Amino acid sequence: MAPLEKRLAKLWDWCQPYPVVADIGAGQGRLARALANEGHRVFATEKTVKGWHELRQYTRNFDGIVPLLGDGLEPILDSDVVVDVAVVAGMGPKVIERILQQDASSHRVRAFMVQPMQGLFVLRRYLKTAAWFVRRADLVHERGRLYGMWWVVRNCDENSSPFSEWIPTEFLGSPWWPELIRQRIHDLDQKLRYQDARNELADEWQQERHSLLGMLR
Ligand SMILES: C[S@@+](CC[C@H](N)C(=O)[O-])C[C@H]1O[C@@H](n2cnc3c(N)ncnc32)[C@H](O)[C@@H]1O
């Protein structure tokens, strides 16, 4: 198998403590296969029949992988499968948010690793609002793009902390931190320039921009 992309390699690394992993929207099962090679049991899901057939093809030689068909967490929640963590990677922020919400009432999944392909701050805002706690967070730079990812848990303990308000301090240790802040300020400038006068978020954007500019001084 070709080496994993950096973002998947990071998720693979974070998954090491967890024997049973759900890989939601597993695609061709690249992460699932790499985890199965290390002895993890992986419930890998795909939403469409076509995607699921492809996933089955790519994972057919891996005893540790169970390919499931269904939307987001549904195939897990509809069964008596118990997973230690669910990885939701490579999708947009709103899809990831909807998948996390599928477990909002049952709380069957205690930890998630989420990695949006775009809209990093959109997903962060949701995670903060929904009171998730950050266990780990990291940025990777790949093919000219910056990707962020979070390992989040439902309960606060000595290994996790709440999301901070404007400044994404969970990424402070990353060498890509200054680039993240520059990109975010640029995005906020664009949003503020082209906003509708009635936009309710404009004040928040101003406040966030002000806080981030302070970090770069
Ligand atoms: C860009 S691929 C990412 C694959 C892999 N997770 C990765 O990060 O490389 C996104 C995959 O998620 C699947 N997907 C999108 N929405 C989904 C949902 N609601 N439930 C399950 N799978 C979904 C798509 O079919 C596609 O295979």
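A: Let's start with a term: a residue is near a molecule if its C-beta atom, placed from the backbone, lies within 6 Å of it. This is a predicted model, where local features need pLDDT of at least 70, side-chain atom pairs count only at pLDDT 80 or more, and totals for chains, interfaces and linings use all residues. Residues are numbered from 1 along each chain as its sequence is written.

Q: Which residues come nearest the ligand?

A: Of the 18 residues around the ligand, the nearest are Gly25, Gly27, Lys47, Ala89 and Gly90. Strand 2 (41-46), strand 4 and helix 5 (93-101) each give two or more residues to this shell, and strand 4 gives the most, with three. Here helices (H or I, at least four residues) and strands (E, at least two) are DSSP runs, numbered from the N terminus.

Q: How do I read strand pairing, and how many bridges join strand 6 and strand 7?

A: Two strands pair if DSSP finds at least two bridges between them. Strand 6 (residues 133-142) and strand 7 (residues 145-153) are antiparallel, with nine bridges. His141 stands opposite Leu146 in strand 7. The two strands form a hairpin with two residues between them, and Arg143 in the turn has a positive phi of about 45°. Strand 6 also runs antiparallel to strand 8 (residues 161-162), joined by two bridges, with Val134 opposite Ser161.

Q: What is Ala86 in contact with, beyond its neighbours within four places in sequence?

A: Contact means that the C-beta atoms of two residues, placed from the backbone, lie within 7 Å. Leaving those neighbours aside, Ala86 is in contact with Ala22, Ile24, Leu73, Val109 and Phe112.
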